[in-house]
Amino acid sequence: AFESFILRQADGCIYASTDIANHYNSIQKKPFITIPNGFDTSSFKPIKHIQQEYDFVYTGRLIELKRIKEMVENLDEKHSLLVIGDGPLKSLVLNKKNIDYLGPVPNSKLPSLLNKSKFFISLSKTEGSPKCLFEGILCGLYPIVSDIPAHVDIIAELGYGKIWTPGDKLGSYDENLEVINEKLSLFRERYSMKNITKSEAEFCLKFVR
């Protein structure tokens, strides 16, 4: 009821993903635009001097919705995983010989930690605007994601990545670094805070002129 009230007051709406836009536009039709969250690309970037110590990294809440159990069960024993975050399923990632658990860390420390891994994992059952996934990609990690709309859209736009389906083992993935570097550069420019705020401002100006 509160969301419906807010939407009725709006001249226009900015949504962070197509999935969110479709949901709220079915409640109250208003002029809208889909603009994802912007990121500090001066911080979230590939850092070449940091040695890659892990195969995979997961950041976020440790809850059933994020398929934490499936992530642990399908991780090949010869591959390593760094887990950053907290939640009721924390016990599933503790005391595993190929999993290091850090707990929650300040956002400012994430870039250096993300750069220690090759692949970013997000097996979530649902997402609105997957901030953690964006941060991993912007740091140059290869995304391994579930087949939900928000993830599929990002992979299609990015031009590389692996769509995970339940039961798949998390192992090695082919990386064409030349292709990745070229496509990542365009992706980083598109999602820079400067570019995103410019798009938001241009949309808002339509209602004040």
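Let's start with charge. This protein carries 27 positive and 26 negative side chains. The centres of those two sets lie 3 Å apart. Keep in mind that what you see above is a predicted model.

Now the overall build. Eight helices and eight strands make up the list of elements in the protein.

Next, contacts along the chain. Take the contacts between residues at least 6 apart in sequence. Of these, 59% join residues at least 24 apart.

On to surface and interior. The protein exposes about 11500 Å². Carbon and sulfur atoms supply 51% of that area. And how much of the protein is buried? Of the 209 residues, 42% are.

So what sits inside? In soluble globular proteins, nonpolar side chains tend to be buried together. In this model, the largest nonpolar core has 46 residues. Which of them touch the most other members? They are Phe-56, Met-71, Leu-81 and Leu-170.

Look at Met-71 in detail. Leave out residues up to four places away in sequence. Met-71 then touches Tyr-58, Leu-81, Val-83, Ile-121, Leu-123 and Leu-170. Two of these names, Leu-81 and Leu-170, were in the list of most-touching core members as well.

Last topic: two backbone angles. Find Arg-67 in the loop between strand 3 (54-59) and helix 3 (68-73). Phi of Arg-67 is near 55°. That is a positive value, in a residue other than glycine. Is Arg-67 buried or exposed? Its relative accessibility is 15%, so Arg-67 counts as buried. The cut-off for buried is under 20%.

Now move to Asn-95. This residue is in the loop between strand 4 (81-84) and strand 5 (99-101). Phi of Asn-95 is near 60°, again positive and again not in a glycine. Is Asn-95 buried or exposed? At 82% relative accessibility, Asn-95 counts as exposed. The cut-off there is over 50%.

To recap the pair: both phi values are positive. Arg-67 is buried, whereas Asn-95 is exposed.

Conventions
Residues numbered from 1 in each chain as written. Predicted model: local features only at pLDDT ≥ 70, side-chain atom pairs only at ≥ 80, totals over all residues. Heavy atoms only, no water. Helix = DSSP H or I, 4+ residues; strand = E, 2+ residues; numbered from the N terminus. Buried < 20%, exposed > 50% of the residue type's maximum accessible area, 1.4 Å probe, protein only. Contact = heavy atoms within 4.5 Å. Areas by Shrake-Rupley, 256 points an atom, 1.4 Å probe, with all protein chains shown as cover. Lys, Arg positive; Asp, Glu negative; His and termini not counted. Charge placed at Lys NZ, Arg CZ, Asp CG, Glu CD. Core = buried A, V, L, I, M, F, W, Y, C linked by side-chain atoms within 4.5 Å.
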